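Here is a short briefing to read alongside the model. Let's take it topic by topic.

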Amino acid sequence: MPLPDVALGKAQRYVRALRRAVLAYWYATLEDPEAAALEAITATLYVNILDEAVFEPALETSYRAIRSQHRLGRVVTGLELIRNCETHSSILAEDLLVQKQILGVPLHQGGQIMRCVYAWAEYDQLPDDYRNLPSGTSDRQQRARGEARDGYRKAVQGRHVIETLLDAMAFFELLDPRLIGVDGPPLQWAYGEAYGELPVGENPDGGAQAWLVARPMGLDRFELFLPDIVCRYSERRSARWPAADVTLGERRRLLRDQLPGETERQVAHALYEDGRLIGYSGYGSGGSSLRSSWVERKQQVWRDVRSGYRYYVRHDDREVDLTVGGHERVVAFQPDGSDLIALLPPAPPLSGLSSERLHMVEEYDDMYLEMRQAGLH
């Protein structure tokens, strides 16, 4: 679905702008959460320009159709929610980015700084007045259209920021391969260091400290390939790479026969689809210092229980363990013979415990691995 020639120039300009923004975000993860949020938000502005000011006017109905049906297109519309709320809301979404992991980055002069891996906040964790117009209007109008909200919930929330930005880049390049840049030169160094005395009181040990990290300039003229700054082996660094490393699918298959990362799991909700039970969700403990949530297919819960892992239902201040039942199902019988599993309430719709979240972690292997091994915080 290539663009007409008249639209190509603007598309090329803002694809380069998106490359610059993604690179800026990548290096901002070496700074602080506020710097990372500013650059991530900037990137969503360029995604929205490419979406609404380039591709949609040029390709009209055909573009809107593929955007709504394609997984990468849903990411583009999901990022629109951030763009709209940041542009029009006076409310600060302080926890827009959620820290998932911290990696040590060694410095040439000794010591290290830290790089954070961030994910977008869950939809229901965004401030209400950030998403909606302030009270006092006739209806609590939305700051973003339904398609943007749906895209955020289904393809953006809880995912690593860099994954979603590279997904958006991949979508535009998929539609018009002329937007794919030439490969850049190999980098000898991914970053440079500048040293100076920190202000009095900020460095109790005294001495020169690394306090600035410089990034190479001009990388946005080439096809985006994120420099290696102490990356996890599974981290995605190019829009041409799939959403998850090829090893993640195999690791996910292996996890079916391994126990969850939490010490135990509480079953809080049943997951239904078209009136049919498909899974369960709840909370884990012992996997981290934070309470974690999980979602699983009912067959996986049955396999876990069969292998000796503890799932339980809380009822009247008591904990009733799940046991294996027939036909790959689990049960939690009380002394009177009633089954607490059959009495579980359905999960709240559109929450991190819903069937919608189950489908999301099934589509993104990296999210499932994170949940299965340590829980979604």
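Helix α8 itself covers residues 298-306; helices here are DSSP runs of H or I with at least four residues, strands are runs of E with at least two, and both are numbered from the N terminus. Please keep in mind that this is a predicted model, in which local features need pLDDT of at least 70 and side-chain atom pairs count only at pLDDT 80 or more, while totals for chains, interfaces and linings use all residues. Residues are numbered from 1 along each chain as its sequence is written, and side-chain values use heavy atoms, with hydrogens and water left out.

**Helix α8**
- Gln300, Val301, Trp302, Arg303, Asp304 and Val305 of α8 are buried, where buried means under 20% relative accessible area, exposed over 50%, and partly exposed in between (1.4 Å probe, protein chains only).

**Salt bridges**
- The whole structure holds 31 salt bridges, each defined as a side-chain nitrogen of Lys or Arg within 4 Å of a carboxyl oxygen of Asp or Glu.
- One of these salt bridges joins the side chains of Arg16 and Asp220, at 2.4 Å from N to O.
- That pair ties together distant parts of the chain, 204 residues apart: Arg16 sits in helix α1 (residues 5-28), and Asp220 in the loop between β4 (209-214) and α7 (246-255).
- Arg16 is partly exposed because its relative accessible area is 35%, whereas Asp220, at 4%, is buried.
- Glu319 bridges to Arg310, with the closest N and O atoms 2.9 Å apart, and Glu319 also meets Arg314 in a salt bridge at 3.5 Å, N to O.
- Glu319 is partly exposed at 40% relative accessibility, as are Arg310 at 25% and Arg314 at 43%.
- A network of salt bridges links Asp51, Glu56, Arg64, Arg67, Glu80, Arg145 and Glu147.

**Around Leu187**
- Leu187 lies in the loop between α6 (161-175) and β3 (192-196), and its 38% relative accessibility makes Leu187 partly exposed.
- Beyond its neighbours within four places in sequence, Leu187 contacts Pro216, Leu219 and Pro227, a contact being heavy atoms within 4.5 Å.

**Glu94**
- Glu94 belongs to the loop between α3 (71-88) and β1 (97-106).
- With 67% relative accessibility, Glu94 counts as exposed.
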